[in-house]
Amino acid sequence: MTIIIIDGNNALFRFGGAMQNLTAPDGTPTGAIHGLLGCLVRFKQRYSDGRFIVVWDGRGYRVNGWRIKLFSGYKQREPSQGYGSVHAQHGLVDSILTKLGVCQISVPEVEADDVIGTLVSLCLESGWTPVVYSGDRDFVQLMIRGAQVITGNNKKDRLAPETEESVRDRYRCSLEQVILVRALSGDSSDRIPGVAAKVGDVTAAKYVVAGIDPRRDRFEDNSSAAQQIAQKLAPHWDLAQRNYRLMRILASPQDDELMPEQRVALTNALSTVKFNIMVGLPKRAPANEILNLLGDLGLQQAIEHRSILLKLNQEH
């Protein structure tokens, strides 16, 4: 069985942002749901045995999440201009996915990244094939654990999984080194600064390939061949170590980064997801109810693919 794990917030803004002018007859914005439903159809056509899980950031993670406690500037940005209509579609997306019987998961105070990381572990332990769909570059690290990762960046095939070759072409380093490179260069989308000026992905890749490793406790512990570079980074070594922690996606709900109550909530959520997958839950709403809603929203393309959308939890 293939478990297709979709980064909900990333998909919401990817599709909603790209189709902001798409609306229902009454003016309700529908770009996000239109894009997401089309994505589900394409995935089901590609993976006939696929089951879907859409993962959302947990309520309160921006206040009590472990990353925000580690670095107060994490993901702190001004509200995106012109994206109000995308935010407004979250409730509609949730409602339609629920009616279609698509499993959704959100764990209080836990970021979607870590829920997805632990879901990958659950899938592998259960003998299922995990496929992660997100434009977030951090997820390529899950390939090391055995997940397929689809970023949608392959223009010839938007559902083509990333490969070691595609990752090397983009980052100029091995798959295992990507998180180390990003720990040095930072991540502007998450407001994680690089360790020093002029250390972007290209320079960071050269440093890592030369032997720099932000996982080491002290900059002096880097290989002798990398000591000259390490000396340059010495004043910023604490930032490199912090960035590595921020970008590491958790594999277990028992990870020490989580608070005890967060571990319990995540463990319970994973148990529920596993049970639902095994027994074929959640069930979808009656077909006429779904089709009437899609019709009211003017989602004609989705209606045309009703034979697929109404059987997302079944082999197609």
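Buried means under 20% relative accessible area, exposed over 50%, and partly exposed in between, with a 1.4 Å probe and protein chains only. The model is predicted: local features need pLDDT of at least 70, side-chain atom pairs count only at pLDDT 80 or more, and totals for chains, interfaces and linings use all residues. Residues are numbered from 1 along each chain as its sequence is written, and side-chain values use heavy atoms, with hydrogens and water left out.

**View A. Helix α12 and its cover.** Helices (H or I, at least four residues) and strands (E, at least two) are DSSP runs, numbered from the N terminus. Helix α12 spans residues 237-247. Its buried residues are Trp237, Ala240, Arg242, Asn243, Tyr244, Leu246 and Met247. Their cover includes α4 (66-70), α9 (178-185) and α11 (227-233), with contact meaning heavy atoms within 4.5 Å.

**View B. Arg242 over Phe71.** The charged end of Arg242 sits over the ring of Phe71, 4.0 Å from the ring centre. The rule asks for NZ of Lys or CZ of Arg within 6 Å of the ring centre and within 35 degrees of the ring normal.

View C. Rings of Phe, Tyr and Trp (its six-membered ring) pair if their centres lie within 6.5 Å; planes under 30 degrees apart count as stacked, over 60 as edge-to-face and the rest as tilted. The count comes to 2 aromatic pairs. Phe43 and Tyr133 have ring centres 5.3 Å apart and planes at 80 degrees, so this pair is edge-to-face. Phe43 lies in helix α2 (residues 31-46) and Tyr133 in strand β4 (residues 129-133), 90 residues apart. Phe43 is buried at 0% relative accessibility; Tyr133 is buried at 6%. Ring pairs join Phe43, Tyr47 and Tyr133 into a cluster.

View D. On a 1 Å grid over the protein atoms alone, a cavity is a set of points where a 1.4 Å probe fits but cannot get out; lining residues have an atom within 4 Å of a point. Volume is the space filled by probe spheres set on the points, which are joined across faces, edges and corners. The whole structure holds 2 cavities of 30 Å³ or more. The largest share, 3 residues, comes from α4.

**View E. The second largest cavity.** This cavity has a volume of about 40 Å³. Among its lining residues are Arg137, Asp138, Arg182 and Met247. Helix α9 gives the most to the lining, with 3 residues.

How values were computed:
1 Å grid on protein atoms, 1.4 Å probe; cavity = no way out; pocket = protein on both sides within 12 Å on 5 of 7 lines; lining within 4 Å.
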